[in-house]
Amino acid sequence: MTSRKGRARRNSDCTAAGTRPALRAPHRPRRDEGAEQAFVIGVLTNAADFARARAWGVSDVPDYERYLTDTAELLADALERFETVRARMFHPQDFEEFCLLHGLDPAAPTARDRYLVNPPLQTQLLAYQGEELAGDFVPRLVRARENGLTLRHADLLLDGGLLGSTGPAEADEEHARWVRAAHQRGAEVFRRMLVGAGAGVYELRLRVDAPGGRLSAAARVLQWEDGVVRINDEELELICAVLCAGLALELPGVAVLHGSQGSAASCGEYLPAAWAWSSGGPDWAPAARPVRLDGVAAQPGYSLGTVC
């Protein structure tokens, strides 16, 4: 879907939850001087969720296919009118629990507004830039919700160090430096994995055993011959956050990088590849033995210390 160029309209933030009238209903949060104007929308990502949400008056269209069509039109219109367009998955169970916690009526449009801009859920928001809704963007919204929940878990383990915390300024700064250092180490681990792999199309699967449940992350990566990497921002953020938490707290973990190694520059020769690394503390090293993670089998990877 492509958008037409148009002058951005200077309105207050908008939130949306389903029907076209509701999608266009104004939301009036605090207005910060100089803040960019944004449009925020919640998108139902499957027919079952659509059927459940209709009980709250979220939509009056006859079926999910029509809902997607109307939502795509609304997003195209929003791209013309607003400087920033963002979306997140409208998850009926999450919404119902949110309303119960805050004493809200799920059928009230204001409840949907509050749910969509709830600060703890901001990690689930994605910028919309004209992608095809059903073919690409909806699956990303589903993953963004899952990633957001994992990111919140990692943040709790790090006492708010990833997403921001409150407390004595001196203690906060010391804690922030500790988390930043672990985050930089995690980003460097990921970089060395990719540099060692070379050009190709890969997926990284990562799992760290943490208090309260495993932290899991996955990212699809396209790497060109010149080292340029294409990866969704939200997936990169989560990979680095999980690596950060594992390194900072010295938690056991395993990572598998698999896919097709090669490039068009090498006459289209692509070779299957799968490498595995593990961590039991402050660093990552080649796995001691073959690994199977989420059904993917991998051999011990290369030493990350030898990768520049």
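Student: Which exposed residues does the face of α4 turned away from its buried side carry?

Tutor: This is a predicted model, where local features need pLDDT of at least 70, side-chain atom pairs count only at pLDDT 80 or more, and totals for chains, interfaces and linings use all residues. Residues are numbered from 1 along each chain as its sequence is written, and side-chain values use heavy atoms, without hydrogens and water. Helices are DSSP runs of H or I, at least four residues, numbered from the N terminus. Exposed means over 50% relative accessible area, buried under 20%, partly exposed in between (1.4 Å probe, protein chains only). On α4, the face away from the buried side carries Leu-100 and Leu-101.

Student: Why are the buried residues of α4 on the same side?

Tutor: Helix α4 spans residues 92–102, and its buried residues are Pro-92, Asp-94, Phe-95, Phe-98 and Cys-99. They lie on the same side of α4 because their arc around the axis, taken from the directions from the helix axis to the C-beta atoms, is only 160°.

Student: Which aromatic cluster includes Phe-95 and Phe-98?

Tutor: Rings of Phe, Tyr and Trp (its six-membered ring) pair if their centres lie within 6.5 Å; planes under 30 degrees apart are stacked, over 60 edge-to-face, the rest tilted. Phe-95 forms a tilted pair with Phe-90, at 5.0 Å centre to centre and 45° between the planes. Both are buried. The cluster is Trp-56, Phe-90, Phe-95, Phe-98 and Tyr-115.

How values were computed: Helices (H or I, at least four residues) and strands (E, at least two) are DSSP runs, numbered from the N terminus.
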